[in-house]
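The exercises below concern how the parts of one chain are arranged and how they meet. Please work through each task with the structure in view before reading its solution.

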Amino acid sequence: MDQIEIEIKEMDALYFDKECASYHPSNNELLEKDIHEYQHFKNVIACFYNYMNDMKVELQRIKTHFETLNPDQRNNLLMNYQERIKKLDYCIKKNANFCFLIVAAYVDMFPEMDLSQVKFVSDLPYFPHAQHGDISKLRITLKQFYRDWSIQGQAERDQSYKPIIDCLQQYYPDAKTKDKKYQVLLPGAGLGRLVFELASRGFAAQGNEFSYFMLLSSHFIINLTQKKNQYELYPFANNFCNRLSENDQFELVQIPDIVPAEVLTENDQMSFVAGEFITVYHQEKYFNFWDSIITCFFIDTANNILDYIDTIYEILKPKGIWINFGPLEYHFANQFSETSIELSYEDIKHYIKQKGFEVSFEQMQESTYNHSKLDQKYLMYNCIFFMAVKK
Ligand SMILES: C[S@@+](CC[C@H](N)C(=O)[O-])C[C@H]1O[C@@H](n2cnc3c(N)ncnc32)[C@H](O)[C@@H]1O
């Protein structure tokens, strides 16, 4: 297959919308304040650029291992090994091009990352800034596009986002018509689909996120796409295991399935704020501020889940509601260098009530996360779905 030429597009400076003054990584003042943050941002950018080179290692591994098959073994396979390598190579280039587009606007910030001579994604040099582990974060980000912005992801969105949306709309049935909009905060918003869904239903929805992988990607898809299915991705291309058919791993994902700019009107309010949830929001100006807080696959990302709950309590208005959906797969469990308070739901519920919430309903609901139907292996979470009202 042909080389894929890099499509460089003019991009505006990074911002989500006028409400979102705090999210502006290209703002020098913000970055100079924190050299470490700047370095981290550069590492993330490097990781996006390095996708092609990191995946070449994967491609080489596959090639080398297949070459150990004897001619008989090769000839008696249904799969044509050369074809498989070609397909994989093509998918990697398409993904690399997409990764490149997401971060192309920031290249000027790092003169040492000189791309002036690069015409094809396969010519991208390797930037040694990316850190170990970042490539897996980038792979997860690509799958997250599947969950949030593809038509195939709808089934998963129906499992987790739909019950939340229904619950919020039931509590605030006048959201669409009310002059003063209900303020809804979504910490750990990922690629922002749920934020968009709520904004389009009349809520003043604010997403909060601390991962540059997510922030750069959500900015790209929400603010910079012009048409439906504008981009093609192969987020599962490097996953050869648990496949029923040879082509399943090359599942094409077109994004976005909906263009936010075509749906949202002047009247809608959607914003994103970058930063760590507690650091950003545990401030007096946000106390008793939010009508609702939505945590979807989020509360278990805390070092100490009780700190999250304390913050949620402080910043909700009296009679405000907290809707939670997700498992308790404590992200820092088994990381010895990190604090990790791992509590059962029973204990969490007890704490929530002690704190001054009334749990008005709770149920268990099954949901997958970033799962493609073509993958035979999947994890089904029995998620805790509850609504708690601040008394
Ligand atoms: C499991 S993902 C869920 C994303 C999204 N809510 C969804 O359902 O697809 C958790 C998200 O929370 C973000 N996150 C984790 N800890 C955070 C924190 N303390 N402050 C802000 N965002 C955080 C992560 O970067 C990640 O995008």
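**Exercise 1.** What area is buried between domain 1 and domain 2, and what percentage of it do carbon and sulfur atoms give?

*Solution.* Begin with the bounds: in this predicted model, the domain assignment of the chain places domain 1 at 25–131 and domain 2 at 133–390. The centres of the two domains, taken over C-alpha atoms, are separated by 27 Å, and the contact draws 30 residues from domain 1 and 26 residues from domain 2. The area buried between domain 1 and domain 2 then comes to about 2,700 Å², with 73% of that area given by carbon and sulfur atoms.

**Exercise 2.** Determine how many salt bridges and how many residue pairs in polar contact are found between domain 1 and domain 2.

*Solution.* For the salt bridges, the count between domain 1 and domain 2 is three. A salt bridge also joins the side chains of arginine 84 and glutamate 246, with an N to O distance of 2.9 Å, which lies within the 4 Å cut-off. For the polar contacts, three residue pairs, both residues at pLDDT 80 or more, are found across the interface of domain 1 and domain 2.

**Exercise 3.** Describe the side of domain 1 that touches domain 2, by element and by residue class.

*Solution.* The elements that give two or more residues to this side are α2 (35–49), α3 (51–66) and α5 (81–103). Of these, α5 supplies the largest share, with 12 residues. Sorted by class, the side of domain 1 that touches domain 2 holds 20 nonpolar, four polar and six charged residues.

Key:
Residues numbered from 1 in each chain as written. Predicted model: local features only at pLDDT ≥ 70, side-chain atom pairs only at ≥ 80, totals over all residues. Heavy atoms only, no water. Domains from an automatic or database assignment. Contact = heavy atoms within 4.5 Å. Buried area = accessible area lost by both parts, 1.4 Å probe. Polar contact = N/O pair within 3.5 Å; in protein donor to acceptor, adjacent residues only side chain to side chain. Helix = DSSP H or I, 4+ residues; strand = E, 2+ residues; numbered from the N terminus. Nonpolar A, V, L, I, M, F, W, Y, C, P; charged D, E, K, R; others polar.
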